[in-house]
Amino acid sequence: MAVVKLFGAWLSPYVYKVIWALKLKGIPYEYIEEDLSNKSPLLLQYNPIHKKVPVLVHDGKPIYESTVILRYIDEIWPQNPLLPANPYDRAVALFWIKFADDKNPIIAKLYRTEGEEQQAVVKEWLEMLEAMEEHALIGGKKFFGGDEINMVDIAFCMVAHWLGVFEDTAGLKVFEPHKFPQVSSWIQNFKSVPIIKDNLPDTDKIVAYLKRRKEMLLTSKSN
Amino acid sequence: MAEEVVLLDFWPSPFGMRSRIALAEKGIKYEHKEEDLRNKSALLLQMNPVHKKIPVLIHNGKPVCESLIQVQYIDEVWHDKAPLLPSDPYQKATARFWADYVDKKIYEVGGRVWKTKGEKQATAKKELIETLKLLEKELGDKPYFGGESLGYVDVAFIPFYSWFYALEKCGNFSIEAECPKLIAWAKRCMQKESVAKSLPDQQKVYDFILEMKKHFGIE
């Protein structure tokens, strides 16, 4: 039987996307925790271009970039499909996945920026939430995937869990639930799914880590 | 049922070119609508309300947005001719990775080459060459990124070739001198009708960039 290995880091939303996909499909895998400040030679060998996690190794072959990994997983193990079967619906799902993927690196900066730069990040967050509220979650669906979560729900995981983390770290409130009722419901629904609920990193732990990291970044900037 | 295909486009857009190539490869008849980006049509705003950008592919009245998604959609719907993505899942993953790499790097870095000057431009040029060299390495000895025939990565990347002349003039450097194999690949792609008909003349693109520079007040 082919072996599946996942190189990850405990606080990365990109890694969790892969973990959830593997668990939703019931795929056993070996997890290797990477220290991102001291990356293993194996990781650098498997992902020489970006040197990042997650990296999925299937049958000795590496795949990287979380969305590329998810699509690969969905094709190799078709049970519990993560994308619609119909080409048009799939194109719409991929649009929203790309939307989330393009926003993620920008919105992640919320906790480690200040002043004008932070305001620009807040603006990106609000644009994303508005797009989700007005265009993506139409029809009062429980999940983007309908009655079950799919790759689109997984793609928006930063909104569901890491937004709160970044807000706590930054000491800033960006998300007002009453302004985004559909997004609010979706977050509750998403985090109630057993596989998601049982596989989320501890909020307090990440906040403590990010606060330390933010201090380090700001100290090195002023030096 | 008669297929109705419309492409909302803008002639110098490398993203629009991708969909033009894919449609041509599959021999699909479509209506090409040129957009004035300073005065976007009601149709564009209706079909792409989130980004309000081109290209938009409209198939039987339903919009598909984002050029690479359009290429994948075209490949899936008209699957009986000129397949662009490989059928093997691992090869597919590799193709998706490289198309994504082109998406993330070329447009942004290339943009900095013509929009900046001095040290910023020097940095952008260096980054662009590094990016192109990595792609050249991935191509290796294959005639196309897709192997023996034009594939997904070729379609994703070749449109930027129409901008090379403009970038070389703005940055005062030669891409061919640094990446000869890549230019050989580009010229090979240009021999295909689907590509030649979809890419604008390089001088025309350069004139367009000069106009943009004037408009944005860039020397």
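How many salt bridges are counted between domain 1 of chain B and domain 2 of chain B? The count is 2 salt bridges, a salt bridge being a side-chain nitrogen of Lys or Arg within 4 Å of a carboxyl oxygen of Asp or Glu. B:Glu25 and B:Lys192 form a salt bridge whose closest N and O atoms are 3.8 Å apart.

This is a predicted model, in which local features need pLDDT of at least 70, side-chain atom pairs count only at pLDDT 80 or more, and totals for chains, interfaces and linings use all residues. Residues are numbered from 1 along each chain as its sequence is written, chains are lettered from A and ligands numbered from 1 in the order in which they are written, and side-chain values use heavy atoms, with hydrogens and water left out.

Chain B is divided into domain 1 (5-77) and domain 2 (89-216), with bounds that come from an automatic or database domain assignment. Between domain 1 of chain B and domain 2 of chain B, the C-alpha centres lie 21 Å apart. Their contact (heavy atoms within 4.5 Å) takes 14 residues from domain 1 of chain B and 23 residues from domain 2 of chain B.

The size of an interface is often given as the accessible area lost when the parts come together. Buried area here is the accessible area (1.4 Å probe) that two parts lose on being put together, summed over both. Between domain 1 of chain B and domain 2 of chain B it is about 1700 Å², of which carbon and sulfur atoms give 72%. On the side of domain 1 of chain B, B:Trp11, B:Arg18 and B:Ile21 lose the most area to domain 2 of chain B, together 34% of what that side buries.

Polar contacts join these two domains as well. The rule finds 7 residue pairs in polar contact across the interface of domain 1 of chain B and domain 2 of chain B (both at pLDDT 80 or more). A polar contact is a pair of N or O atoms within 3.5 Å; within protein, one must be able to donate a hydrogen and the other to accept it, and residues adjacent in sequence count only if both atoms are side-chain atoms. On the side of domain 1 of chain B that touches domain 2 of chain B, α1 (14-25) and α3 of chain B each supply at least two residues; helices (H or I, at least four residues) and strands (E, at least two) are DSSP runs, numbered from the N terminus. The largest share of that side, 8 residues, comes from α1(B). Its residues divide into 10 nonpolar, 1 polar and 3 charged, where Ala, Val, Leu, Ile, Met, Phe, Trp, Tyr, Cys and Pro count as nonpolar, Asp, Glu, Lys and Arg as charged, and the others, Gly among them, as polar.

Chain A is assigned domain 1 (4-76) and domain 2 (87-221), and 21 Å separate the centres of these two domains, taken over C-alpha atoms. In chain A, 15 residues of domain 1 are in contact with 21 residues of domain 2. The area buried between domain 1 of chain A and domain 2 of chain A is about 1700 Å², with 79% given by carbon and sulfur atoms. A:Trp10, A:Leu11 and A:Trp20 lose the most area on the side of domain 1 of chain A, together 37% of what that side buries. The rule finds 1 salt bridge across this interface; the side chains of A:Lys17 and A:Asp101 meet in a salt bridge (3.3 Å, N to O).

The two chains also meet each other. Chain B gives 26 residues to the contact and chain A gives 23 residues. Chain B and chain A bury about 2200 Å² between them, 70% of it on carbon and sulfur atoms. B:Tyr90, B:Arg96 and B:Phe97 supply 28% of the area that chain B buries against chain A, more than any other three residues. The rule finds 4 salt bridges across the interface of chain B and chain A, and the side chains of B:Lys104 and A:Glu65 meet in a salt bridge (3.2 Å, N to O). On the side of chain B that touches chain A, β4 (62-65), α3 (67-77) and α4 (89-115) of chain B each supply at least two residues. Of these elements, α4(B) gives the most to that side, with 11 residues.
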